[in-house]
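My notes follow in the order I looked things up.

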Amino acid sequence: MDINPDAELDTSQVEDLRGSSGGGGGLGGRVAAGGGGISLVGLLIYFLLSQLGGGGGLPQGLPQGLPQAGGFSDVQSGQQVDNESIKQKCQSGRDTVSNNDCEAVALINSIQSYWTTQFARTGSKYVAANTRFFNGSVSTGCGAASSDTGPFYCPADRKVYIDLSFYQELQTRFGAKGGLFARAYVLAHEYGHHVQDLIGTSDRVRSNVAGPTSGSVRLELQADCYAGVWANHATQTTAASGKPLIENITQDDINAGLDTAERIGDDFIQSQIAGQQVNQSQFTHGSSTQREKWLTTGLQTGDPKQCDTFSRGVNLG
């Protein structure tokens, strides 16, 4: 997967809160549970750690203590970084080679370019959502969150939140292959939740219910599918000037994305990360096989209509 070096980047779609007063104390549980936030892996991690620690039930707070990798770029916790700095550093796709913050900007631009076009095709208007970079902890419209929550989307303020060190966590703790497409999948998944929010799908789900056919699992699998749909059209997405943002996606890229999907499946984390027996009653995101299936569905069809995980009788995999 390559980013066009000549494509200009729109840094207005990113808000950099690292080292600023935008961070907040407290745990991330309100985001993962009652606050309405939708996290890539955070709720599942809570379940696992609560079981290991002797707790039980649905989350009231996310424990601290997951290993923290270093910063995604050269930003350290406590440093003040503002949007002007990113604007100066991230002007074109050429800057993504040496700065992974700029890479994230390019991917976000591409993802939102696709959904803007897709909504227009159906006679609707896509409302863009900013992504907020943070270190350690952050205050959101869904409550306070820590990095342990993983990347998440907050419907209350319609923003995506990510501590960019999560990408290193995927490789060091989860054993994922990583790579540009795998990182793109993570962001595209969260923007899938934004799409669900815009069209009202998220309102159908109760956040405190788990299980293999729960609304939470269906929501996550659909977001995986939406991520695949974006990937199918990624090379057609453009910057404001009309220049392509993404130049190609190879089979190796797709394999790395599927590998990531496998390693954030509920069953994989329960058995391989936590060393427990698989307990489907605690599923909140879907099994590895399911996550791979729905990401593949989006990739192969490129059609959001094929991402219906809520219809009666649908085979979730």
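I took buried to mean under 20% relative accessible area, exposed over 50%, and partly exposed in between, with a 1.4 Å probe and protein chains only. This is a predicted model, so I noted that local features need pLDDT of at least 70, side-chain atom pairs count only at pLDDT 80 or more, and totals for chains, interfaces and linings use all residues. Residues are numbered from 1 along each chain as its sequence is written, and side-chain values use heavy atoms, with hydrogens and water left out.

**Entry 1: Trp294**

I started with Trp294, which is found in helix 10. Helices here are DSSP runs of H or I with at least four residues, strands are runs of E with at least two, and both are numbered from the N terminus. Trp294 has a relative accessible area of 4%, so I logged Trp294 as buried. I then listed its contacts, where contact means heavy atoms within 4.5 Å. Not counting residues up to four places away in sequence, Trp294 touches Leu221, Asp224, Cys225, Gln306, Cys307, Asp308, Thr309, Val314, Asn315 and Leu316. I also checked Gly228: its C-alpha is 7.8 Å from that of Trp294, and the two are 66 residues apart in sequence.

**Entry 2: the whole chain**

I counted elements next. The protein chain has 10 helices and 9 strands. It has 317 residues, of which 56% count as buried. I then took the contacts with a separation of 6 or more; 75% of them join residues 24 or more positions apart.

**Entry 3: the cores**

I defined a nonpolar core as a set of buried Ala, Val, Leu, Ile, Met, Phe, Trp, Tyr and Cys residues joined through side-chain atoms within 4.5 Å. Which members of the largest core touch the most others? I found Met1, Trp115, Leu170, Leu187 and Trp230, in a core of 60 residues. Two or more residues each come from helix 4 (100–121), strand 8 (159–162), helix 5 (166–172), helix 6, helix 7 (215–233), helix 8 and helix 10 (288–301). Helix 4 gives the largest share, 10 residues. Another core lies apart from this one; it has 8 residues, including Val138, Cys142, Phe152 and Cys154.

I followed up Trp230. Leaving aside neighbours within four places in sequence, Trp230 contacts Met1, Ser110, Ile111, Tyr114, Phe181, Ala184, Ala188 and Thr237.

**Entry 4: helix 4 on helix 7**

For packing, I used axes fitted as lines to C-alpha atoms, for helices over the stretch in contact, with angles from 0 to 180 degrees between N-to-C directions. Angles under 35 degrees count as roughly parallel, over 145 as roughly antiparallel, 65 to 115 as roughly perpendicular and the rest as oblique. The axes of helix 4 and helix 7 are 10 Å apart, at an angle of about 95 degrees. Helix 4 is therefore roughly perpendicular to helix 7. Ser110, Ile111, Tyr114 and Trp115 of helix 4 meet Tyr226, Val229, Trp230 and His233 of helix 7.

I sorted contact residues by class: Ala, Val, Leu, Ile, Met, Phe, Trp, Tyr, Cys and Pro as nonpolar, Asp, Glu, Lys and Arg as charged, and the others, Gly among them, as polar. The contact of helix 4 with helix 7 has 6 nonpolar, 2 polar and no charged residues.

**Entry 5: helix 8 and its partners**

I looked at helix 6 (residues 180–199) against helix 8 (residues 251–263). Their axes come within 7 Å and cross at roughly 50 degrees. The pair is therefore oblique. From helix 6, Phe181, Ala182 and Tyr185 meet Asp253, Ile254, Ala256, Gly257, Thr260 and Ala261 of helix 8. I counted 6 nonpolar, 2 polar and 1 charged in this contact.

Helix 8 also crosses helix 10, at roughly 145 degrees with axes within 8 Å. Here Ile254, Gly257, Leu258, Ala261 and Glu262 of helix 8 meet Ser288, Arg291, Glu292, Leu295, Thr296 and Leu299 of helix 10. This contact has 5 nonpolar, 3 polar and 3 charged residues.

**Entry 6: single residues**

Glu220 and His193 are 27 residues apart in sequence, with C-alphas 8.0 Å apart.

Arg158 sits in the loop between strand 7 (152–154) and strand 8. Its phi is near 50 degrees, positive in a residue other than glycine. Arg158 is partly exposed, at 35% relative accessible area.

Last, I checked helix 9 (residues 266–273), where Asp266, Phe268, Ile269 and Gln270 are buried. Just after helix 9, Gly275 has a positive phi of about 70 degrees.
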